[in-house]
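Here are my notes on this model, point by point. Please read them with the structure open.

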Amino acid sequence: MCGIVGYVGKQQATPILIEGLRRLEYRGYDSAGLSILTHSGILQTRKKKGRIDEGLFRLTQSSPVLGTIGIGHTRWATHGPPSDENSHPHLDQTGKIAVVHNGVIENFDRIKQSLTGHTYKSATDTEVLAHLIGVHYEKVRKANQGSTDTETSTEPHPLALAVMNALKEVIGTYGIAVVCTDYPDLIVGARRGSPLIIGVGNGENFLASDASAIVAHTRQVVYLNDYDIVTVTPDRFKLETLGSGAASFKISQLEFTAEAAEKGEYAHFMLKEIFEQAKTIKNAFRGRLDKEEGTAKFGGLNMSSAELRAVDQVIITACGTSWHAALVGEFLFEELAHLPVEVEYASEFRYRNAPIEKNTLVLVITQSGETADTLAGLREAKRRGHKVLAICNVVGSTIAREADGGIYLHAGPEIGVASTKAFTSQVTVLTLLALLMGRIRMLSSRRGQAILEALEAVPAQIETILKKSAEIKKLAEKYSHARDFYFLGRLINFPVALEGALKLKEISYIHAEGYPAAEMKHGPIALIDENSPTVVLCPTDGMYDKVLSNLEVIRARKGPVIAIATEGNTDIHKIADDVIYVPACMEAVFPLLSIIPLQLLAYHIAVARGCDVDKPRNLAKSVTVE
């Protein structure tokens, strides 16, 4: 949720940190700050509540700070409200050590009470951690009696040792970066439950919580594992494991470029990512279609056909938009493979003692690969001895590395907080996986081939829907003053209704709810009036007459209706106030088409209301704390 970036090298650190923090804005934040070690060995800290350009950047312009090593942070408040004082970095009692931190120190209050005589300037758990590191550093320094021969020593660096000793007292999650005035060319980083990566440069190195912060400078990265501690200098880095000595590592190449994380010609990242979906869906199925056999093929499942055939049940666990994709997947698995499926909120699954049958396959779905609840669900399923596959977008992420196998989305970086292209990529992958499981069991090759043909047609069909953006914009302006919205769908389209409602509430702050269409009669219809628009997903399929009946009930109570209908259906105009048409398609792929106008509707309504589309209030892109 929060963001970390660190730099040590020969360039001025401040502009690099500011640029990195800007690239982390999408993660969600309420304040930003940085600490620079100047050439004279003085620790200079600048931090400010609010947006980077309006706060921290102006502060560094009016009060410049020079130095070639520093750490920066964007904060999403947990302990203590958003304020200048609660912003990171935080200093220890001596003022020699600065710390930035993502995560939550659960026992910070107990630690705080044990540190007698300390004075605190904030209400944060991070400042307590900084003080604890400072206490341990003084102990290490005295034990070493001033020795500075750390270049050839096999023992941990004194600052790294102090961090290690402090973290042994900590309960909770952390991704941290630490600098100290005694070491003007060194940063110490550590992680447990909150992502942290090393960026490997030439005569300069980086630390970051997200690759997008440093991709403009290097595409060579090392992903830290839980309990890893790293010391970083301009020329090298040393990786150790808390209490276990040297740690192994692999230098990975980032799949995306700095340009991929730019808005380009679009007003917002969200709009860019909506318009990328014809391409990203194609990326999700490229190389995975076996047209001759009418099935799908994956290289990373690490399961044989016999193992897949032995699966008796599937449990899918996810959060937010990924959970809605999972609900679409539930329908697809049951329809195509006749497999019983349970979809679980990851935040609940990790704590429930739900009985899970022996031959159950667990799927975890995540865009970032770092969602705390989903990661905990993965670990719980593995602890119980179940095979866990991940559907994930970020190569090298924690969930991608810890799963037994999985499927990458290849959607590229998703910067907009409100997920769009990740959802359609997830649904595409779930369609293919359900098809594979169906073909292993009882689904005919002819039907499999028909599904593949329908899926291949989707990118071009999406392009035709995207051309309606101006039309949808006019519709959005018409309804932008509504206080309540309702979204209705049946069967596979019910999750799309949920996702459409989520998109609208996330970025426009309009109260919105999604329901199975028939459920309106069981309570929610009491809320319908002439000021409450309802978006109804009504493709021309086997449920069309049923959905039409539900629509009539809303119209009878003077509720405005926006219909998402199949091209060629002219009768719908007799009932609906407004209609957005999508191309005719197979039922299994209709969610991939119908979600596009809902995303555009939410986007244009948010813009009409003057909302900050890419940085909605209170939200973070990746929820890495519980």
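**Notes on the predicted model**

1. Glutamate 380 sits in helix 11, which spans residues 372-383. The model is a predicted one. Glutamate 380 has a relative accessible area of 16%. It therefore counts as buried, since the cut-off is under 20%.

2. Next, a helix pair. Helix 14 (residues 445-466) packs with helix 18 (residues 590-608). The angle is about 25°, and the axes lie 9 Å apart. Helix 14 is therefore roughly parallel to helix 18, as the angle is under 35 degrees. Their crossing is right-handed.

3. Which residues make the contact of helix 14 and helix 18? Helix 14 supplies Leu455, Val458, Gln461, Ile462, Ile465 and Leu466. Helix 18 supplies Leu592, Leu593, Ile596, Pro597 and Leu600. By type, ten residues of this contact are nonpolar, one is polar and none is charged.

4. Now the cores. The largest nonpolar core holds 97 residues. Phe333, Phe485 and Phe487 have the most contacts inside it. Helix 18 is the top contributor to this core, giving twelve residues.

5. Leaving out residues up to four places away in sequence, phenylalanine 485 touches Tyr479, Leu504, Ile510, His511, Ala512, Glu513, Pro533, Val535, Ile562 and Ile605.

Technical notes
Residues numbered from 1 in each chain as written. Predicted model: local features only at pLDDT ≥ 70, side-chain atom pairs only at ≥ 80, totals over all residues. Heavy atoms only, no water. Axes fitted to C-alpha atoms, helices over the stretch in contact; angles between N-to-C directions. Helix = DSSP H or I, 4+ residues; strand = E, 2+ residues; numbered from the N terminus. Parallel < 35°, antiparallel > 145°, perpendicular 65-115°, else oblique. Left-handed = near helix turned anticlockwise from the far one by under 90°. Contact = heavy atoms within 4.5 Å. Nonpolar A, V, L, I, M, F, W, Y, C, P; charged D, E, K, R; others polar. Core = buried A, V, L, I, M, F, W, Y, C linked by side-chain atoms within 4.5 Å. Buried < 20%, exposed > 50% of the residue type's maximum accessible area, 1.4 Å probe, protein only.
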